[in-house]
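I opened this notebook to keep track of what I looked up, one entry at a time. The sequence and the structure come before the entries.

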Amino acid sequence: MPNDIINLDSIYSDESATVFKSIDIDDVNLTPFLSHKSWIITSGSATSSVLPLTAIYSDISDLPPLGTELTYINLKNIDNSLQTVTYFSVNHLFYKRKNQFNSFGNSNLNQIKKFLYQSASILSFPGKRVGLYIKPTSFELTTVIPNITTGSGVYGSGVYGAGIYGASSSINYTMHLKSDKYGNLYDTSINSSSIVSGVVFYEGFNEYFDTNRISYESSNVTYTGGVNTNDGISNIIGLSAKFNGNGYIKQNLDQKFNRDGNFAISFYISASTFSGTDKLILAKSNQSNKQYPFKLELSGSNQIKFTAAADNDLKLTITSSILPNGWNHIICQKSESYMQIYTNASLEYSASNPAFVIPNTWATASGYIDNTDPLYIGGFGTNSSNLTGCLDEIRIFNKSLTTSNISALSNRSITGSMLQTNIVGNVYHEQGMVIISSPNILYKDLINTPFTASYRSTVKTTEMSVVARVPAGDFNMSLNKTLLRDDLETYQTYTTSSVFSPYITTVGLYSPGGVLVAVAKLAQPVKKRDDVDLNFLVQIDLDLEYNK
């Protein structure tokens with residue numbers, strides 16, 4: 001961004017300085033250059049030169065009638081900006097059009113992950129310190145989150161369960177955030193090996209506090225608190241989809257699932273018991289199709305039923321044990337010829353499906369499990385087989401999962417890997433803004449914790465070189481006021497004698513308007529002589545641009 005320009009011809013309105021001599025314009029040289037600087041920011045420091053802002057989403061449909069008090073955006077930042085207005089501003093600038101390759105800020109989703117959740121912590125740096133841009137990979141932030149409670153508590157809390165709390169202890173969690181070259185801000189404490197590859201479908205519902213972001217067909221689905229952590233004090237992470245027994249979601253899924261390849265479905269479920277037919281959780285099938293790679297249902301006794309079929313006579317259904325109340329993590333997968341169900345990271349059931357066996361027999365050779373149907377979640381439509389309960393963090397993989405993969409997906413610790421990302425925000429290099437936003441409450445309000453941050457930038461600096469010329473015979477009188485008589489106008493007699501020789505100790509540079517621009521102190525006083533011309537070269541680096 002361009003630097004400010006100070007006009008040195010502006011008139012100084014205070015008491016004018018006493019100036020001995022004007023400097024010839026040819027003795028002033030201004031040379032711009034790029035300087036690389038490192039900055040350290042400490043929270044709460046009056047000299048940190050960073051504006052900390054909080055951004056909070058509030059549904060714009062909550063606008064009160066004209067003439068009534070505006071309450072939904074009454075929370076303010078330290079600069080009196082409204083936190084909700086701040087949210088919509090950064091959303092419009094950086095996130096709203098994230099699916100476009102070119103918008104304000106880098107938007108290539110193959111390289112940068114841009115998500116703005118219900119709240120965000122923002123660090124805004126002044127343009128003079130950002131200069132041309134913040135150097136990629138240079139931003140870092142370290143903070144300690146006090147009293148993170150961990151332990152062996154067992155939780156059934158959620159939409160349909162009650163909490164049972166075990167022993168726990170508190171730790172101080174050290175968080176270290178860094179930026180990569182694309183502008184992603186990631187938490188170095190999250191091991192990237194815990195992030196499972198091969199995802200062909202994901203829906204965590206964490207952005208649907210704003211229902212305008214829903215891109216698929218849905219009916220009678222609302223969005224409520226998501227999966228809760230299972231260590232320490234139970235914290236809700238993001239949002240989940242709540243089905244009322246008559247709702248469903250329909251989403252196209254182009255991925256082909258056949259008997260030659262493996263696949264896995266991972267999700268969290270919190271549901272109530274019921275009577276009657278099994279309720280659909282999700283299926284790659286329509287209601288009448290007899291050929292599908294998976295159909296996941298919930299029985300009336302809270303058991304997961306996993307079915308894969310080539311036709312009515314060539315299918316297999318396996319069933320889990322009864323799920324405990326509250327949130328449970330489920331893995332249903334095809335591993336070679338086997339169908340498997342894991343609940344809360346434990347293998348529940350494994351059986352070979354004849355439709356998966358290769359080489360095929362005469363009885364199975366014509367059986368296929370792949371189809372072109374969309375993915376249905378919670379029901380096929382508004383019918384009696386719809387789920388009553390909540391689903392969260394749904395992922396479908398194009399491979400079978402290892403035990404370590406399954407452990408990572410089921411890790412509900414507040415510092416765990418359930419969200420399957422170490423990205424917690426973005427750095428916008430040219431705009432000088434850092435935005436931290438995550439569904440995990442661990443990252444909420446980071447600007448209100450003691451932190452230390454640092455970054456590097458390239459700043460346009462101007463070197464001003466001035467030759468201050470002192471000809472022989474000039475400047476033979478000192479400005480020291482102690483040399484004046486009591487009238488403060490005439491000099492003492494001895495100052496006019498030939499033995500009186502002033503020394504030059506300081507050179508002051510002033511603008512034409514009388515503004516002091518620079519003061520140069522000599523390493524040692526230089527005697528003013530009547531027979532020698534003296535030249536002093538004064539150099540100063542200026543953060544602002546000046547005109548001559």
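Which residues does H429 touch, not counting residues up to four places away in sequence? Working on a predicted model, I found that H429 touches V130, Y133, I134, K135, P136, D180, K181, Y182 and G183. I then looked up where H429 is found, and the place is the loop between β24 (423-428) and β25 (433-436). H429 is buried, because its relative accessible area of 14% falls under the 20% cut-off.

Next I turned to backbone angles. Most residues other than glycine have a negative phi. I noted N80, whose phi is positive, near 70°, and which is found in the loop between β3 (51-56) and α1 (83-95). With a relative accessible area of 58%, N80 is exposed. I also noted A345, where phi is positive and near 75°; A345 is found in the loop between β20 (338-343) and β21 (346-352), and at 33% relative accessibility A345 counts as partly exposed.

My next entry concerns aromatic rings. I searched the whole structure and got 18 aromatic pairs. One of them joins Y87 and F88, whose ring centres are 5.8 Å apart and whose planes stand at 80°, so the pair is edge-to-face. Y87 counts as buried at 0% relative accessibility, whereas F88 counts as partly exposed at 29%. Y57, Y87, F88 and F209 form one aromatic cluster.

Last, I looked up charges over rings. The charged end of R259 sits over the ring of Y368, 5.2 Å from the ring's centre, and K334 lies over the face of F356, at 5.0 Å from the ring centre.

How values were computed
Residues are numbered from 1 along each chain as its sequence is written. This is a predicted model: local features need pLDDT of at least 70, side-chain atom pairs count only at pLDDT 80 or more; totals for chains, interfaces and linings use all residues. Side-chain values use heavy atoms; hydrogens and water are left out. Helices (H or I, at least four residues) and strands (E, at least two) are DSSP runs, numbered from the N terminus. Buried means under 20% relative accessible area, exposed over 50%, partly exposed in between (1.4 Å probe, protein chains only). Contact means heavy atoms within 4.5 Å. Rings of Phe, Tyr and Trp (its six-membered ring) pair if their centres lie within 6.5 Å; planes under 30 degrees apart count as stacked, over 60 as edge-to-face and the rest as tilted. A charge sits over a ring if NZ of Lys or CZ of Arg is within 6 Å of the ring centre and within 35 degrees of the ring normal.
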